[in-house]
Amino acid sequence: MIMMSDVTVTPTAPAPASSRPQVRPEVEGAEPIVSSDGRPLLQFKSPRVSQPPVHLADLTLAERQERLKELGHQGFRAKQLSTHYFAHYTTDPAAMSDLPKAGREELVAAMFPPLLTEVKRLTTDNGDTIKFLWRLFDGALVESVLMRYPGRVTLCVSSQAGCGMNCPFCATGQAGLTRNMSTAEIVDQVVAANRALAEGALGDLRTDGGHDADRVTNIVFMGMGEPLANYKRVMAALHRFVDDSPEGLGMSARNITVSTVGLVPAINKLAAESIPVTFALSLHAPDDELRDELIPVNTRWKVDEALDAAYNYYRVTGRRVSIEYALIKDMNDHPWRADLLAKKLNQRGRGWVHVNPIPLNPTPGSIWTASEKSVSTEFINRLRDAGIPTTLRDTRGKEIDGACGQLAAEE
């Protein structure tokens with residue numbers, strides 16, 4: 001694996017004079033989950049709990065054929081069933097007239113055990129964003145968010161029930177990790193979203209001649225869970241997304257974003273895969289002192305190690321990396337942090353990275369609130385002046401608790 005042994009980054013101390021305070025991260029409204037030594041507990045492995053029954057989407061096309069033979073059916077039925085699921089988004093035996101009527105319901109039940117049960121659906125006032133709350137087979141709750149933009153439809157998917165990374169500003173992290181989601185549970189969020197789109201959940205397609213999307217075109221692994229802590233199943237789901245029909249959904253890997261808080265070995269492993277997804281690093285602080293508190297996994301792999309791995313992803317794949325940075329008032333939005341972030345990124349080269357500052361959903365009276373507009377503007381301008389491409393992230397769904405974990409926590 002290519003590492004950045006040729007780059008030395010000299011730590012930069014914060015400017016001594018500051019007109020704004022330094023707010024420290026802390027958990028509000030919940031007892032922090034800590035290990036025996038009092039540090040935030042990190043859960044990298046899923047508890048040993050039951051997984052859902054095997055579903056068609058858990059299997060490759062060849063494996064589906066073998067499964068059908070085990071059930072006493074001919075292997076070619078695998079393509080028929082796969083087409084119904086991945087192209088028509090249905091598991092209704094009544095819609096599968098190309099299958100023999102005798103035994104059809106039993107066959108469908110065996111290949112499509114129910115995975116997601118819709119508990120709640122919230123839609124924004126303008127109708128361009130929907131948040132789904134799903135109950136899994138064991139009662140665990142997960143969320144996904146469907147968003148329409150001009151020319152594309154994006155789905156934010158969950159990869160774990162809960163999360164083991166214990167970030168204090170994240171509602172999901174405060175719940176701890178329940179279990180990894182199965183490959184099919186991840187995939188079924190996209191199929192369910194496509195089904196909702198076909199039923200008109202985000203309204204009718206454009207009639208003005210402009211381009212509009214009638215299915216999910218973009219996927220972001222930014223919902224509940226740390227995707228790279230569920231590596232094997234997330235990779236299998238990626239294959240279902242990009243494999244051509246009827247094996248999968250036939251999506252472009254370049255339209256799929258995998259985000260992580262910084263599991264360095266898994267980042268390097270992802271770089272060696274043959275799927276050129278977009279990679280995003282949730283950084284949120286360029287200095288170890290703050291990031292240790294803000295992103296507890298930083299106590300395992302420091303800022304420079306995470307940035308080295310991100311740069312390695314770029315060098316191996318040629319794909320530009322995204323740096324996610326939630327701007328939090330008086331916590332991580334100081335000008336010197338913008339300068340330090342720009343310095344660390346530029347010391348690794350030019351043209352390899354793009355920064356996405358994200359306005360935090362404001363909560364009155366909380367330390368976890370959005371930066372002032374003028375502060376955000378200065379932070380962004382400092383990055384741009386240093387030659388770092390920077391785009392303020394468009395946020396969606398504030399009135400429907402758009403941040404991951406909020407709806408499940410309420411339920």
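The model is predicted, and its domain assignment gives domain 1 (56-111) and domain 2 (116-400). The centres of domain 1 and domain 2, taken over C-alpha atoms, are separated by 33 Å.

**Where the two domains meet**

- On the side of domain 1, 13 residues are in contact with 15 residues of domain 2.
- Between them, domain 1 and domain 2 bury about 1,300 Å², and 56% of this area lies on carbon and sulfur atoms.
- Two elements, α1 (61-70) and α2 (77-86), each give two or more residues to the side of domain 1 that touches domain 2, and the largest share of that side, 5 residues, comes from α2.

**Helix α7**

- Helix α7 covers residues 264-271, and because 6 of its 8 residues are buried, the helix is largely enclosed by the rest of the structure.
- The buried residues in α7 are V264, A266, I267, N268, L270 and A271, where buried means that a residue has under 20% relative accessible area.

**Residue N298**

- N298 has its place in the loop between α8 (288-294) and α9, and with a relative accessible area of 0%, this loop residue is buried.
- Leaving aside residues up to four places away in sequence, N298 touches D288, R291, D292 and V303.
- With one of these residues, D292, there is also a polar contact, in which the side chains of N298 and D292 are joined at 2.8 Å.
- N298 and L263 are 35 residues apart along the chain, while their C-alpha atoms are separated by 9.0 Å.

Definitions and conventions: Residues are numbered from 1 along each chain as its sequence is written. This is a predicted model: local features need pLDDT of at least 70, side-chain atom pairs count only at pLDDT 80 or more; totals for chains, interfaces and linings use all residues. Side-chain values use heavy atoms; hydrogens and water are left out. Domain bounds come from an automatic or database domain assignment. Contact means heavy atoms within 4.5 Å. Buried area is the accessible area (1.4 Å probe) that two parts lose on being put together, summed over both. Helices (H or I, at least four residues) and strands (E, at least two) are DSSP runs, numbered from the N terminus. Buried means under 20% relative accessible area, exposed over 50%, partly exposed in between (1.4 Å probe, protein chains only). A polar contact is a pair of N or O atoms within 3.5 Å; within protein, one must be able to donate a hydrogen and the other to accept it, and residues adjacent in sequence count only if both atoms are side-chain atoms.
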